[in-house]
Amino acid sequence: MARGGAWAASAAVVLCWMAAGAGAVWLEIPPSGTKCVAEEIRNNVVVMGDYSVLYEHHQVHPTVSAKVTSPFGYTLHTKEKVQMDQFAFTTTEAGNFLACFSVDGDSKGLVVKLNLDWKIGIAARDWDSVAKREKLEGVELELVKLDATVKAIHQNLILLRTKESDMRDVSEKTNARISWLSMMSLSVCILVSVLQLLHLKQYFRKKKLI
């Protein structure tokens with residue numbers, strides 16, 4: 001039973017990474033300017049993020065401004081002069097969600113390092129609360145995680161299939177338009193050549209060269 005539980009836990013970890021795409025990134029924010037990170041997320045997905053400032057000189061406590069926007073430009077989270085904070089929201093649209101950070105005015109001139117931890121989908125769920133509510137523990141909880149992960153992977157595959165279909169349609173339409181354009185270009189070239197030939201023929205007749 002212990003071996004089965006360990007296998008379920010390992011499989012859950014691997015599949016969660018495949019389905020949720022959770023992970024931490026390190027950013028080095030320049031003294032002037034903005035550093036942004038984009039995440040492509042589908043619709044109706046829970047997103048959580050934690051960010052914190054790190055700096056080598058402990059005497060200085062730099063702060064940053066943070067802003068998270070949706071693919072359509074709606075502001076989902078904004079904070080100024082913070083060293084650490086978090087954001088959470090449920091997506092209402094699919095696309096690239098942007099998290100941008102910049103050094104605050106009081107900390108200008110410093111190169112600030114920031115740790116950003118994205119948690120998307122399954123990784124953002126509070127499994128402790130789920131376990132208490134459903135009275136799950138051990139292998140049962142891991143099986144529930146696996147079931148949720150498999151569903152998430154299935155949804156991702158459907159999304160990829162839809163994108164592939166859309167790309168194929170665009171490619172076919174583009175090829176058809178290029179074919180029509182090539183035929184039209186060839187027709188115009190032939191017509192222009194015929195007109196040039198008739199014009200030259202009339203010209204030579206006027207000059208009594210033929």
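In the predicted model, Glu40 has a relative accessible area of 51% and therefore counts as exposed, the threshold for that class being over 50%. The side chain of Glu40 forms a salt bridge with that of Lys163, with an N to O distance of 2.1 Å.

The salt bridges in the model number 3. Another of them joins Glu164 and Arg168, whose side chains meet at 2.7 Å, N to O. Because Glu164 and Arg168 lie 4 residues apart in helix 3, about one helical turn separates them. Glu164 is partly exposed at 42% relative accessibility, and Arg168 is likewise partly exposed, at 39%. A salt bridge is also formed between the side chains of Asp85 and Lys79, again with an N to O distance of 2.7 Å. Lys79 is partly exposed, its relative accessible area being 33%. In general, side chains of opposite charge can pair when their charged atoms come close.

The protein chain comprises 3 helices and 8 strands. Read from the N terminus, the order of these elements is α-β-β-β-β-β-β-β-β-α-α. Among contacts in the chain with a separation of 6 or more, 75% involve residues 24 or more positions apart. Of the 210 residues in the chain, 30% are buried. The chain exposes about 14,500 Å², and carbon and sulfur atoms supply 60% of this area.

Strand 5 (residues 75-82) contains His77. With a relative accessibility of 10%, His77 is classed as buried, because that class covers values under 20%. A polar contact of 3.0 Å links the side chain of His77 to the side chain of Tyr51. When neighbours within four places in sequence are set aside, the residues in contact with His77 are Tyr51, Ala66, Lys67, Val68, Asp85, Gln86 and Phe87. Asp85, listed among these contacts of His77, is the residue that forms the salt bridge with Lys79.

Tyr51 and Phe87, both in contact with His77, are also members of an aromatic cluster, which is made up of Tyr51, Phe87, Phe89, Phe97, Phe101 and Trp118. The structure holds 6 aromatic pairs. One of these is formed by Phe87 and Phe89, which are stacked, with a distance of 6.2 Å centre to centre and an angle of 20° between the planes. Phe87 and Phe89 are both buried.

A nonpolar patch on the surface is formed by Leu186, Ile190, Leu191, Val194, Leu195 and Leu198. Together, these residues have about 570 Å² of accessible area. Val194, one of the patch residues, is located in helix 3 (residues 139-206). The relative accessible area of Val194 is 43%, so this residue is partly exposed.

Conventions
Residues numbered from 1 in each chain as written. Predicted model: local features only at pLDDT ≥ 70, side-chain atom pairs only at ≥ 80, totals over all residues. Heavy atoms only, no water. Phe/Tyr/Trp six-rings, centres within 6.5 Å; stacked < 30°, edge-to-face > 60°. Buried < 20%, exposed > 50% of the residue type's maximum accessible area, 1.4 Å probe, protein only. Patch = residues over 30% accessible without salt bridge, like charges linked within 9 Å, V, L, I, M, F, W, Y side chains within 5 Å. Areas by Shrake-Rupley, 256 points an atom, 1.4 Å probe, with all protein chains shown as cover. Salt bridge = Lys/Arg side-chain N within 4 Å of Asp/Glu carboxyl O. Helix = DSSP H or I, 4+ residues; strand = E, 2+ residues; numbered from the N terminus. Polar contact = N/O pair within 3.5 Å; in protein donor to acceptor, adjacent residues only side chain to side chain. Contact = heavy atoms within 4.5 Å.
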